[in-house]
Amino acid sequence: MSRIGKQPILLPEGVEATKDGHAVVVTGSKGTLRRELTDRVTVDVDGGTVTVKRKDDSHESRSLHGLTRTLIANMVTGVHAGFTKELDLVGVGYRASMAGRDLVLTLGYSHPIRYTPPEHITLATPTATRIVVTGPDKEVVGLVAARLRAFRKPEPYKGKGVMYVGEKIRRKAGKSGKAGKGK
C-alpha cells in the first residue's frame with residue numbers, strides 16, 4: 001500500500017470537493033480547480049475528507065495511487081492558500097516592471113520582453129529585480145516561473161540571469177588569461 005496514497009486529505013474550512021464522473025472539482029476562496037483522473041484509482045469525497053483508493057494491485061495503479069492523492073492535496077492547498085514562486089533578476093540593467101496585467105522585462109536584449117500571464121496567475125514586482133508569481137494551481141505557477149526564467153537563464157561565468165530565490169549557481173573559473181601565450 002502506498003504510504004502517501006492511503007493518507008486521507010482533510011478539507012480546510014471553506015473548501016469543497018466534489019466528484020464529477022472521472023474528475024475531481026475543488027472549490028475555495030482562491031478559485032476552482034478541476035482535474036480529470038485515470039480510471040485506475042477511485043476518489044471518495046466524504047464530508048470533510050477525500051480518500052483515494054486504487055482498483056487493483058498492478059504496477060501502474062500503485063504508481064498512480066500516491067500521485068493522484070498528491071495532485072488532489074495540491075488542489076486543496078491551492079484553492080485555500082495558493083502557491084508562490086519568487087524570481088530574482090541578477091545583472092547590470094536587468095529589471096522588471098508591470099504594465100497593467102503584463103510583465104515587462106529588460107534583460108540585456110535589444111528590446112524589452114512583454115509577458116502576459118495565463119488566467120488566474122498574478123505577477124507582482126515588489127522591487128525592480130524581484131518577480132513574484134502567485135496562483136491556485138501549483139503546476140501552472142511553476143510553469144510560468146520556468147518560462148520567465150527561460151528568457152535569460154543564469155549563466156555559470158558571471159552568474160547573471162533570471163533565477164529562483166535561493167537557487168545556487170555553480171560558477172566556473174573561465175579562461176586563465178595570459179598563461180601559456182607565446183610559449
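The views below come from a predicted model, in which local features need pLDDT of at least 70, side-chain atom pairs count only at pLDDT 80 or more, and totals for chains, interfaces and linings use all residues. Residues are numbered from 1 along each chain as its sequence is written, and side-chain values use heavy atoms, with hydrogens and water left out.

**View 1. An open sheet of three strands, in the order E2-E3-E4, has antiparallel pairing.** Strand E2 (16-20) and strand E4 (31-36) each have a single partner strand, so one side of each is left without a neighbour in the sheet. Direction ignored, neighbouring strands of this sheet are turned by 15° against each other on average. Axes are lines fitted to C-alpha atoms, for helices over the stretch in contact, and angles run from 0 to 180 degrees between N-to-C directions. Strands (E, at least two residues) and helices (H or I, at least four) are DSSP runs, numbered from the N terminus; two strands pair if DSSP finds at least two bridges between them.

**View 2. E2 and E3 form a hairpin with two residues between them.** Gly21, in the turn, has a positive phi of about 70°. The two strands pair in the antiparallel sense over five bridges. Asp20 stands opposite Ala23 in E3, and Ala23 also stands opposite Glu36 in E4.

**View 3. Helix H1 (residues 59-80) lies across E3 and E4.** The helix runs at about 20° to E3. His65 is found in helix H1 and counts as buried because its relative accessibility is 0%. Buried means under 20% relative accessible area, exposed over 50%, and partly exposed in between, with a 1.4 Å probe and protein chains only. A polar atom of the His65 side chain lies 2.9 Å from the backbone oxygen of Val52.

**View 4. Leu103 is found in strand E9 (residues 102-106).** With a relative accessibility of 0%, Leu103 counts as buried. Leu103 and Arg114 are eleven residues apart along the chain, and their C-alpha atoms are separated by 5.7 Å. Leaving aside neighbours within four places in sequence, Leu103 is in contact (heavy atoms within 4.5 Å) with Ala96, Ser97, Met98, Ile113, Arg114, Tyr115, Leu123, Thr125, Ile131 and Leu148.

Conventions. A polar contact is a pair of N or O atoms within 3.5 Å; within protein, one must be able to donate a hydrogen and the other to accept it, and residues adjacent in sequence count only if both atoms are side-chain atoms.
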